[in-house]
Amino acid sequence: MPCRTIAQQKDSEAPMQTRPLRSVLYMPASNARALEKARELDVDAVIFDLEDSVAPEAKPEARAQAVRAVGEGGYGRRQIAIRINGLGTPWGAADLEAAVAAAPDAILIPKVGHPDDIATPQAAIAKAGTSSRLWAMIETPAAFGNLHAIASAVRDTAPALSVFVIGTNDLVKDMRMRVQPGRANLVAMLVACVAAGRAHGLQVIDGVYNALDDHSGFEAECGQGRDLGMDGKSLIHPRQVAPCNAAFTPSAEEVAWARRLVDLFDRAENKNANVLRVDGQMVERLHAEAARQILPLAEIAKG
């Protein structure tokens with residue numbers, strides 16, 4: 001059976017992530033109750049949003065609440081990111097200054113279309129000397145001519161870019177597309193993001209699913225993202241967390257198969273074998289290497 005891989009492929013030069021990003025939940029930072037609730041959710045990461053989900057008049061208070069929540073902590077294993085407003089907006093500079101000072105796990109930069117769009121945030125974090133990482137929203141047509149340049153722009157400089165978050169809503173709008181079941185009109189762009197991410201050691205997070213009551217549609221889109229190589233999916237409601245985690249966690253069957261392949265290729269008698277026959281299938285050593293990446297994710301997901 002096929003094996004899913006996790007954050008980085010073996011040919012990537014970047015270190016493999018030790019924490020999964022199966023489920024990444026947007027929370028409007030203007031909603032203090034939502035920020036509190038996030039401490040109890042079985043989610044891998046929470047984005048305190050200062051951008052799209054926050055009205056202009058509420059942005060200063062949202063910024064203050066996001067900073068306060070990061071300072072108070074209590075989010076356990078969950079990664080915390082702050083999505084700032086674009087630096088060309090009236091709120092972007094203040095957002096960046098506050099986010100850098102708060103030092104969350106990551107700062108998410110919206111509408112990244114060119115490597116220059118992450119240069120200022122990168123310099124600000126580097127100057128502050130904090131451990132925050134950079135995440136980039138890929139949500140504009142301009143980004144797709146520059147994906148590899150964006151992914152590699154600050155690769156050798158701390159903090160490096162570590163995650164692409166795909167903004168499918170903005171992308172559909174700017175491309176003047178129609179929303180289609182199955183996202184046939186978006187698949188090429190989604191795959192391009194995964195390819196650039198894998199080439200440069202980034203995790204890639206799929207876009208949101210807007211129809212909250214369409215549970216089967218949501219599960220199908222999670223499965224599609226997983227099969228396209230995504231590491232996880234961005235979410236807009238806590239009810240989406242459990243099915244998302246399930247979709248991006250290796251099944252018991254996959255884990256058992258992965259363990260079997262690893263064990264077979266690790267045996268002394270197979271040390272020099274590049275191909276083995278397993279249950280009527282010809283299995284190469286590269287499949288065992290892919291299987292090795294499943295096992296850590298399975299263990300991480302248990303905790």
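**What stands behind the labels**

Modeller: Let's start with the pocket: helix H6 (168–174) and helix H8 (215–227) each supply at least two residues of the lining of the largest pocket. Keep in mind that this is a predicted model.

Biologist: What makes a residue part of that lining, and which ones lie nearest the centre?

Modeller: A lining residue has an atom within 4 Å of a pocket point. The largest pocket has 19 lining residues, and Val179, Gln180, Arg183, Tyr209 and Glu221 lie nearest its centre. H8 gives the largest share of the lining, with 4 residues. The space in this pocket comes to about 380 Å³.

Biologist: Arg183 is on that list. Why is Arg183 called buried?

Modeller: The cut-off for buried is under 20% relative accessible area. Arg183 has 5%, so it counts as buried. You'll find Arg183 in the loop between H6 and helix H7 (187–199).

Biologist: What is the phi of Arg183?

Modeller: Arg183 has a positive phi of about 55°, although it is not a glycine. Ala103 is in the loop between H3 and E4.

Biologist: Now to strand E3: why is E3 described as largely enclosed?

Modeller: In strand E3 (residues 79–83), 5 of the 5 residues are buried, so the rest of the structure largely encloses it. Gln79, Ala81 and Arg83 point one way and Ile80 and Ile82 the other, and all are buried.

Biologist: How do you know that strand E2 and E3 pair?

Modeller: Pairing takes at least two bridges. Strand E2 (residues 45–49) and E3 are joined by 5 bridges, so they meet that requirement, and they run parallel. Ile47 stands opposite Ala81 of E3. From E2 the chain crosses through helix H2 (residues 59–72) to E3, a β-α-β crossover that is right-handed.

Biologist: And which strand does E3 pair with over 3 bridges?

Modeller: That's strand E4 (residues 106–109), again in the parallel sense. Ile82 has Ile107 as its bridge partner in E4. Here the chain goes from E3 through helix H3 (residues 92–102) to E4, and this β-α-β crossover is right-handed.

Biologist: What makes Ile82 a buried residue?

Modeller: Ile82 sits in strand E3, and its relative accessible area is 1%; the limit is under 20%, so it is buried. Leaving aside neighbours within four places in sequence, its contacts include Phe48, Leu50, Ala66, Val70 and Ala99. The C-alpha atoms of Ile82 and Glu51 are separated by 9.6 Å, with the two residues 31 apart along the chain.

Biologist: Asp49 has a charged-looking name for a strand residue. Why is Asp49 called buried?

Modeller: Asp49 is found in strand E2. Its relative accessible area is 2%, against a limit of under 20%, so Asp49 is buried.

Biologist: What makes the link between the side chains of Asp49 and Arg83 a polar contact?

Modeller: The atoms must be N or O, a donor and an acceptor, within 3.5 Å. Asp49 and Arg83 make their side-chain contact at 2.7 Å, so the distance is within the limit. The side chain of Asp49 also reaches the backbone nitrogen of Glu51 at 2.9 Å. Leaving aside neighbours within four places in sequence, Asp49 is in contact with Met27, Pro28, Ala29, Val54 and Arg83.

Biologist: How do you know that both faces of strand E7 are covered?

Modeller: In E7 (residues 203–206), Gln203 and Ile205 on one side and Val204 and Asp206 on the other are all buried. Strand E6 (residues 161–166) pairs with E7 in the parallel sense over 3 bridges, and Phe164 has Val204 as its bridge partner. E7 pairs in the parallel sense with strand E8 (residues 232–235) too, over 2 bridges. With at least two bridges required, that count qualifies as pairing. Finally, E7, H8 and E8 make a right-handed β-α-β unit.

Terms used:
Residues are numbered from 1 along each chain as its sequence is written. This is a predicted model: local features need pLDDT of at least 70, side-chain atom pairs count only at pLDDT 80 or more; totals for chains, interfaces and linings use all residues. Side-chain values use heavy atoms; hydrogens and water are left out. Buried means under 20% relative accessible area, exposed over 50%, partly exposed in between (1.4 Å probe, protein chains only). A crossover is right-handed if, with the strands pointing away from the viewer, the path from the first strand over the helix to the second runs clockwise. Contact means heavy atoms within 4.5 Å. On a 1 Å grid over the protein atoms alone, a cavity is a set of points where a 1.4 Å probe fits but cannot get out, and a pocket is an open set with protein on both sides within 12 Å along at least five of seven lines; lining residues have an atom within 4 Å of a point. Grid points are joined across faces, edges and corners, and a volume is the space filled by probe spheres set on the points.
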